[in-house]
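Keep the structure open as you read.

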Amino acid sequence: MRRAYIDNLRCGIIILVIIYHVFYLFNSLGIISNVAITGMPQMDIVEYALYPWFMACLFLIAGVSARHGLEAKGVRAFMRGRVRKILIPSIAGIFLIGWIGGWVTAQYADMFAGNGDLIPGVVKYFVYCFAGIGPFWFLHELFFCTLILLLVRRLDRKDRLWTLGGRADKLWVLCLLFFAVWGSSLIGNMPLIEVYRNGFYLLFFLLGYYVFSHDEVQAVLERFWLPLLSAAVLIGGVYVVRFWGESYASMESLKNALTNAYAWFMTLALLGTAGRWWNRETGFTRFMRGRSFAYYVLHMPLMIIITYVMDKNFEIKFPLFYFILAALEAVLLPVCCRVLCRLPVVKRLLFGL
């Protein structure tokens with residue numbers, strides 16, 4: 001049975017990802033983006049507010065969905081779907097549209113140390129592709145988590161871990177899981193490419209599968225949604241004050257107990273709040289459910305192109321730049337998705353349709 005609040009929360013977070021990237025492109029914190037444009041430091045508050053938790057919550061939701069998907073389809077059909085909808089787009093997308101981000105980056109930075117004219121075009125293309133992976137990292141990480149899940153399931157044939165996860169139907173147990181979250185942030189981090197936080201995201205995915213797929217656990221979150229949301233906002237405020245002016249994407253920040261507490265309690269709060277107040281379908285949520293993946297895949301290349309064209313051809317001041325970029329993205333993204341979804345090969349490779 002579909003859980004409407006899960007679909008709604010997933011779509012809501014993808015919209016937040018798009019909003020986050022509007023501000024991330026112009027961050028003033030030295031975090032590398034595809035364009036060398038510095039915006040207003042005050043606007044970085046949006047990035048601080050979202051970055052610690054929104055992708056973690058998305059992995060947890062994916063874990064819940066994996067539980068329901070495996071129960072409904074079985075392992076073979078589930079994995080065929082994962083390969084078609086996650087693995088193939090995560091690889092094909094790099095070569096179909098990933099080069100866009102890399103090419104725009106090269107217009108702002110000397111990627112080839114002054115030797116660009118000596119490098120063959122095909123070599124440049126591959127460099128641009130891998131420099132523009134962008135949001136595809138999420139699909140890579142999600143497929144990795146799926147493979148680990150299947151291994152754990154094979155070792156735990158009697159599903160004892162899921163039975164154990166059902167015992168976390170008490171608020172104090174869910175709160176204490178923070179220590180596991182904090183510990184996971186210290187392990188499995190990729191050097192240099194810090195966005196691949198293997199231990200952290202894997203734990204959220206497995207917790208979604210083994211703990212939060214239990215209706216009893218979700219009922220606890222819905223019962224205490226307001227205290228959890230209040231605690232998350234309070235912790236988030238302290239986090240912003242503590243790290244303001246520092247890179248929120250640095251390992252020093254991401255391994256900090258305060259950052260992980262914010263990520264964990266906001267995730268709990270959103271699950272409870274969505275289950276309590278957003279567990280129903282509307283016309284908008286039905287519209288977004290069928291398009292959210294395509295929006296996630298396409299939003300960043302489109303945003304980078306819009307930003308580059310605006311920067312090179314118009315003199316737009318901040319904060320107006322933010323609002324124009326957001327408006328153009330909102331108008332053009334659905335159009336681009338609709339066009340590309342009509343191309344048979346592209347829709348299969350890029351969107352898994």
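Start with a term: a residue is buried under 20% relative accessible area, exposed over 50% and partly exposed in between, with a 1.4 Å probe and protein chains only. The model is predicted, so local features need pLDDT of at least 70 and side-chain atom pairs count only at pLDDT 80 or more, while totals for chains, interfaces and linings use all residues. Residues are numbered from 1 along each chain as its sequence is written, and side-chain values use heavy atoms, with hydrogens and water left out.

Begin with the aromatics. Rings of Phe, Tyr and Trp (its six-membered ring) pair if their centres lie within 6.5 Å; planes under 30 degrees apart are stacked, over 60 edge-to-face, and the rest tilted. Searching the whole structure gives 36 aromatic pairs. One of them joins Tyr 51 to Tyr 248, with 4.9 Å between centres and 55° between planes, and is tilted. This pair links distant parts of the chain, 197 residues apart. Tyr 51 lies in the loop between α2 (45-50) and α3 (54-73). Tyr 248 lies in the loop between α12 (225-243) and α13 (251-254). Helices here are DSSP runs (H or I, at least four residues), numbered from the N terminus.

How buried are the two partners, Tyr 51 and Tyr 248? Tyr 51 has a relative accessible area of 17%, so it is buried. Tyr 248 is buried too, at 0%.

Another pair is Trp 137 with Phe 138. Their centres are 6.3 Å apart and their planes stand at 80°, so this pair is edge-to-face. Trp 137 is buried at 10% relative accessibility, and Phe 138 is buried at 8%.

Now return to Tyr 51 and Tyr 248. Ring pairs place both in a cluster, whose members include Tyr 20, Tyr 24, Tyr 48, Trp 53, Phe 54 and Trp 244.

Charges also meet rings. The test asks for NZ of Lys or CZ of Arg within 6 Å of the ring centre and within 35 degrees of the ring normal. Arg 67 lies over the face of Trp 162, 4.2 Å from the ring centre. Arg 197 lies over the face of Tyr 201, at 5.8 Å.

Last, the cysteines. A disulfide is a covalent bond between the sulfur atoms of two cysteines. The cut-off is a pair of cysteine sulfur atoms within 2.5 Å. How many disulfides does the structure hold? It holds zero. Cys 11 is buried, at 6% relative accessibility. Cys 129 is in no disulfide either; the nearest cysteine sulfur belongs to Cys 336, 19 Å away. Cys 129 is buried at 0% relative accessible area.

Notes:
Helices (H or I, at least four residues) and strands (E, at least two) are DSSP runs, numbered from the N terminus.
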